[in-house]
Amino acid sequence: MNIEDRFQAYAADFELSYADDDWSRLAQYFTADASYDAGDGSETATGRDAVLQKFQDSVNGLDRTMGQREVQLHSVVSDGDTVVAEWTACYTNTGLPPLEISGTESARFDGDAIAELRDEISAESQAAFGSWMEAHGGAL
């Protein structure tokens, strides 16, 4: 399995973990000393367990408060040991306008496991998120 296929398998299992809150299934995709930078200004998680905990904390802090969430990967390409995926997440909640956020996720692999994962949220999405939260965040 090449790293693009491995990343796609990770992304699919992430969605399963989101659905059933079993984040342990993702452990196989990360090195023991993996790191994750969510791209939101928060502290980088270091170590497999910390990465998985950050995923859970992140979805509990935002995604689960938003009603419905749909994530689409637009492209997944690799160069050497790194996969770059462009994505869009759309959140909907009854009585509120939809919120769309887009960005890029970079995964550097060590063999078949992710050693470093980093999200970059587009400037437009950061601005849209801030405006949306200012106008509608109190309704969550």
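The largest pocket has a volume of about 790 Å³. The model is a predicted one, in which local features need pLDDT of at least 70 and side-chain atom pairs count only at pLDDT 80 or more, while totals for chains, interfaces and linings use all residues. Residues are numbered from 1 along each chain as its sequence is written, and side-chain values use heavy atoms, with hydrogens and water left out.

Rolling a probe the size of a water molecule over the atoms shows where empty space is left. On a 1 Å grid over the protein atoms alone, a pocket is an open set of points where a 1.4 Å probe fits, with protein on both sides within 12 Å along at least five of seven lines; a cavity is a set from which the probe cannot get out, and lining residues have an atom within 4 Å of a point. Grid points are joined across faces, edges and corners, and the volume is the space filled by probe spheres set on the points.

Of the 29 residues that line the largest pocket, Y36, W87, Y91, D119 and I121 are the closest to its centre. The lining of the largest pocket comprises 18 nonpolar, 5 polar and 6 charged residues, where Ala, Val, Leu, Ile, Met, Phe, Trp, Tyr, Cys and Pro count as nonpolar, Asp, Glu, Lys and Arg as charged, and the others, Gly among them, as polar. At least two lining residues come from each of α1, α2, β3 (68-79), β4 (82-93), β5 (96-110), β6 (113-121) and α3 (123-136). Helix α1 gives the most to this lining, with 6 residues. The helices (H or I, at least four residues) and strands (E, at least two) are DSSP runs, numbered from the N terminus.

The aromatic residues come next. A pair of aromatic rings is described by the distance of the centres and the angle of the planes. Rings of Phe, Tyr and Trp (its six-membered ring) pair if their centres lie within 6.5 Å; planes under 30 degrees apart count as stacked, over 60 as edge-to-face and the rest as tilted. By this rule there are 10 aromatic pairs. Y10 and F14 form an edge-to-face pair, because their ring centres are 6.3 Å apart and their planes stand at 75 degrees. Both residues belong to helix α1 (residues 3-20), 4 residues apart, about one turn of the helix. Y10 counts as buried at 3% relative accessibility, and F14 is buried too, with a relative accessible area of 12%; buried means under 20% relative accessible area, exposed over 50%, and partly exposed in between (1.4 Å probe, protein chains only).

The pair of Y36 and F55 is also edge-to-face, since the ring centres lie 5.0 Å apart and the planes are at 65 degrees. Y36 is in strand β1 (residues 30-37) and F55 in helix α2 (residues 48-61), so this pair ties together parts that are 19 residues apart in sequence. Y36 is buried, with a relative accessible area of 7%, and F55 counts as buried at 3%. Ring pairs link Y10, F14, Y36 and F55 with F7, W23, Y29 and F30 into a cluster.

T88, in strand β4, is buried with a relative accessible area of 14%. Its side chain makes a polar contact with the side chain of H74 (2.6 Å); such a contact is a pair of N or O atoms within 3.5 Å, of which, within protein, one must be able to donate a hydrogen and the other to accept it, and residues adjacent in sequence count only if both atoms are side-chain atoms.

Most residues other than glycine have a negative phi. D21, although not a glycine, has a positive phi of about 65 degrees. D21 is found in the loop between α1 and β1 and counts as partly exposed at 35% relative accessibility.

Contacts across the sequence complete the account. A34 in strand β1 is buried at 0% relative accessibility, and the C-alpha atoms of A34 and A50, 16 residues apart in sequence, are 8.8 Å apart in space. A38 occupies the loop between β1 and β2 (45-46); its C-alpha atom is separated by 8.2 Å from that of L117, 79 residues away along the chain.
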